[in-house]
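Biologist: I have a model open and would like to learn how to read it. Could you walk me through it?
Modeller: Gladly, let's bring it up.

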2 protein chains.
Amino acid sequence: MTPEQIMVDVAIANWKLTIKRATSLFDGLTDKQFFQHIAPGRNRVIYLLGHLTAVHDAMLPLLGLGERQHAELDNAFITTPDGGIESLPSVADLKRYWNEINSLLLEKFVALTPEQWLERHTAMTDEDLVKDPTRNRLSVFLNRTNHTAFHLGQLVLAREKK
Amino acid sequence: MTPEQIMVDVAIANWKLTIKRATSLFDGLTDKQFFQHIAPGRNRVIYLLGHLTAVHDAMLPLLGLGERQHAELDNAFITTPDGGIESLPSVADLKRYWNEINSLLLEKFVALTPEQWLERHTAMTDEDLVKDPTRNRLSVFLNRTNHTAFHLGQLVLAREKK
C-alpha cells in the first residue's frame, strides 16, 4: 500500500469511529431525551442531530460527490437557531436521514483515490488551490470529522450521569 | 510537494486550527469562569484545561517525541474525576503549561517526515502494525485532534450566551 493510501485510510477510519460514536449515542437515547437541552438555554439534542445531518448532506456537493439529499433541513437546522422553527421532522425520520447520508458518504469516500482526495473542493477555484495546496477534499473531511466530534462532546451531556 | 507531504500538512493545519480555537477560548475567559461547570453537575472549565494539557503532554512519549513535561497532572486531571482533588494548580500555571506543551508538540510535528508519521506509536508492537498499518502516529494525531474538538464543544458552553 502506498503512503498516501495509508494516510487516506487513517483519515477514513477516524471519520468512521466518530460517526459510530455519534450514532451509538443517538440510538441509546429515548425519544424524550431528544427534546432535552444539552445545557440550560442551549441546543436540544434533536437540533444537533438535524444540524449534523444537514452539514453532512452538504458535504456531497461541496466535495463534488453528488447532489443534496435533504436540502430542506438547512432552514430548520443551519440557518435558524434552535427554537426558531415550530414544526421539525420526526426523530425517527432524522435518524433515518443521518444513517442514509453517512452510508452514502462513506461509499463515496472509499471510492476516492489519494489523488482525488487532494483535489480542490467545489467552493474553491483552481487558483486558490495553487496558492494553498492544503485546501482540498481531505482538508474539508478532517474539518468535518472535528465538527462532529465538537457536537458529540455536547451530545454526551444529554445522557444520564453515571 | 509529494502527496503524502500535502496530507501531513493538512493534518497539521487541522490540529493548529483546533488548538488555536481552544487557546482563544481559554484566553477569553475570566478566572472566575474557569471554576464554572460546563453544564450542571459536569466538569469545570479548569478540569478540562488540565485534562487536555495532560493528554497532550502524554502524546510526547506515546508518539516517541520526548519525555513527559508535566506527568504530575495525570492524577488530578486524568485518573481522578473533577472535584476529587482539593488543591489544583493555578489557572495561570495550567494556561502556561498548555501553551508550552502545544508549542513543543508542534515543533516536533513539523519536523517529522511523512514516513515517520506512518511509523507505529510506542504503545504498539511492530507485529500489530503489520496487521493494521493504519495504527500509526498519524492515527493518534487525528484522534487527539478530535479529542480536543470534543472538549471544545463543551468548553464553549462556559462562555456567556450571546
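**A cavity and an interface**

Modeller: The lining of the largest cavity has nine nonpolar residues, with no polar and no charged ones. Please keep in mind that this is a predicted model.

Biologist: Thanks! How many cavities of 30 Å³ or more does the rule count, and how much space lies in the largest cavity?

Modeller: The count is one cavity of 30 Å³ or more. About 70 Å³ of space lies in the largest cavity.

Biologist: Which residues line the largest cavity?

Modeller: Chain A brings Met7(A), Ala11(A), Leu138(A) and Leu142(A), while chain B brings Met7(B), Val8(B), Ala11(B), Leu138(B) and Leu142(B). The elements giving two or more residues to this lining are helix 1 (3-27) and helix 7 (137-155) of chain A, together with helix 1 and helix 7 of chain B. Helix 1 of chain B gives the most to the lining, with three residues.

Biologist: Now to the interface. How should I think about its size?

Modeller: The size of an interface is often given as the accessible area lost when the parts come together. Here, chain B and chain A bury about 3300 Å² between them, and 70% of that is on carbon and sulfur atoms. On the side of chain B, Met7(B), Arg42(B) and Phe150(B) supply 21% of the area buried against chain A, more than any other three residues.

Biologist: How many residues does each chain put into the contact?

Modeller: The contact takes 39 residues from chain B and 39 residues from chain A.

Biologist: Which elements of chain B give two or more residues to the side that touches chain A?

Modeller: Those are helix 1 (3-27) and helix 7 (137-155) of chain B. Helix 1 of chain B gives the most to that side, with 12 residues. By class, the residues on the side of chain B that touches chain A divide into 21 nonpolar, 11 polar and seven charged.

Note on methods: Residues numbered from 1 in each chain as written. Chains lettered and ligands numbered in written order. Predicted model: local features only at pLDDT ≥ 70, side-chain atom pairs only at ≥ 80, totals over all residues. Heavy atoms only, no water. Contact = heavy atoms within 4.5 Å. Buried area = accessible area lost by both parts, 1.4 Å probe. Helix = DSSP H or I, 4+ residues; strand = E, 2+ residues; numbered from the N terminus. Nonpolar A, V, L, I, M, F, W, Y, C, P; charged D, E, K, R; others polar. 1 Å grid on protein atoms, 1.4 Å probe; cavity = no way out; pocket = protein on both sides within 12 Å on 5 of 7 lines; lining within 4 Å. Points joined across faces, edges and corners; volume = space filled by probe spheres on them.
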